[in-house]
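Here is a quick briefing for anyone meeting this structure for the first time. Take a look, then read on.

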Amino acid sequence: MADNTVTLAAVSGAHGVTGEVRLKLFADSLDSLKHYKSFNDGALTVKSLRPTKDGAIARFAEINDRNAAEKLRSTLLTVPREALPELGEGEYYYSDLLGLPCISTDGTDLGTCVAVENFGASDVLEIQMPSVDGKPGKKFMVPMTTDAVPEWGERIVIDSDFVI
């Protein structure tokens with residue numbers, strides 16, 4: 001992986017007039033963000049974080065008014081990959097799956113993992129199949145369950161029954 005940062009949240013807009021921002025969380029919970037005092041290589045220093053129904057509200061030391069907060073809209077909040085906690089058995093970070101080569105259990109090259117989504121039930125991998133005649137291969141999705149994805153690490157192995 002060329003980029004060794006992991007995105008934990010994104011600024012979705014300003015909140016109020018004093019420089020607070022609304023956050024869309026990509027981490028499990030607000031507690032996951034509270035482990036970090038700064039984001040984006042120290043560019044944003046956390047003064048406070050509080051939960052909301054749809055994410056969180058943050059105040060950064062460097063942002064003092066609504067105009068500055070609005071300029072942060074769409075800013076991704078990242079931390080170095082090595083700053084994240086160690087994973088337990090069967091756990092993964094989305095960023096570790098993105099870009100991995102994918103093969104089926106019968107050995108067929110399936111392409112690359114291009115996205116990890118969660119629509120509420122469980123994580124879902126989006127796989128971009130190899131190019132054909134210079135045209136991008138089709139994409140398909142597979143649930144990130146042990147039945148569908150028995151192995152991941154250096155590559156993602158997908159049970160051939162789940163390949164479209």
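Start at the hairpin of S8 and S9: four residues sit between its strands, and Gly120 there takes a positive phi near 125°. Helices (H or I, at least four residues) and strands (E, at least two) are DSSP runs, numbered from the N terminus. This is a predicted model, where local features need pLDDT of at least 70 and side-chain atom pairs count only at pLDDT 80 or more, while totals for chains, interfaces and linings use all residues. Residues are numbered from 1 along each chain as its sequence is written, and side-chain values use heavy atoms, with hydrogens and water left out.

**The open sheet**

- Six strands make up an open sheet with mixed pairing, in the order S10-S9-S8-S7-S12-S11; two strands pair if DSSP finds at least two bridges between them.
- Its edge strands, S10 (139-143) and S11 (151-152), each pair on one side only.
- S8 and S9 run antiparallel and are joined by six bridges, while five bridges tie S9 to S10, also antiparallel.
- S7 (residues 101-104) and S8 (residues 109-118) are antiparallel too, with three bridges, and Pro101 has Thr112 as its bridge partner in S8.
- The hairpin of S7 and S8 has four residues between the strands, and Gly107 takes a positive phi near 95°.
- On to S12 (residues 156-158): S7 pairs with this strand in the parallel sense over three bridges, and Ile103 stands opposite Val157.
- S11 and S12 run antiparallel with two bridges between them, and Trp152 faces Ile156 in S12.

**Strand S9 and Gln128**

- Why is S9 largely enclosed by the rest of the structure? Six of its six residues are buried, where buried means under 20% relative accessible area, exposed over 50% and partly exposed in between (1.4 Å probe, protein chains only).
- Both faces are covered, with Asp123, Leu125 and Ile127 buried on one side and Val124, Glu126 and Gln128 buried on the other.
- Gln128 belongs to S9 (residues 123-128); Thr112 has Gln128 as its bridge partner in S9, and the partner of Gln128 in S10 is Lys139.
- A polar atom of the Gln128 side chain lies 2.3 Å from the backbone oxygen of Gly137.
- Leaving aside neighbours within four places in sequence, Gln128 is in contact (heavy atoms within 4.5 Å) with residues including Leu110, Val114, Pro136 and Lys138.

**Nonpolar cores**

- A nonpolar core is a set of buried Ala, Val, Leu, Ile, Met, Phe, Trp, Tyr and Cys residues joined through side-chain atoms within 4.5 Å.
- In the largest one, which has 25 residues, Leu8, Val21, Leu23, Leu33, Phe39, Phe60 and Leu77 touch the most other members.
- The elements that give two or more residues to this core include strand S1 (5-15), helix H1 (30-34) and strand S4 (44-52), and S1 supplies the largest share, five residues.
- Apart from this core lies another, of 17 residues, among them Cys102, Leu125, Phe140 and Val149.

**The largest pocket**

- A pocket, on a 1 Å grid over the protein atoms alone, is an open set of points where a 1.4 Å probe fits, with protein on both sides within 12 Å along at least five of seven lines; lining residues have an atom within 4 Å of a point.
- The largest pocket is lined by 21 residues, of which Phe26, Ala27, Asp28, Tyr92 and Tyr93 lie nearest its centre.
- S1 gives the most to this lining, with three residues.

Technical notes
A polar contact is a pair of N or O atoms within 3.5 Å; within protein, one must be able to donate a hydrogen and the other to accept it, and residues adjacent in sequence count only if both atoms are side-chain atoms.
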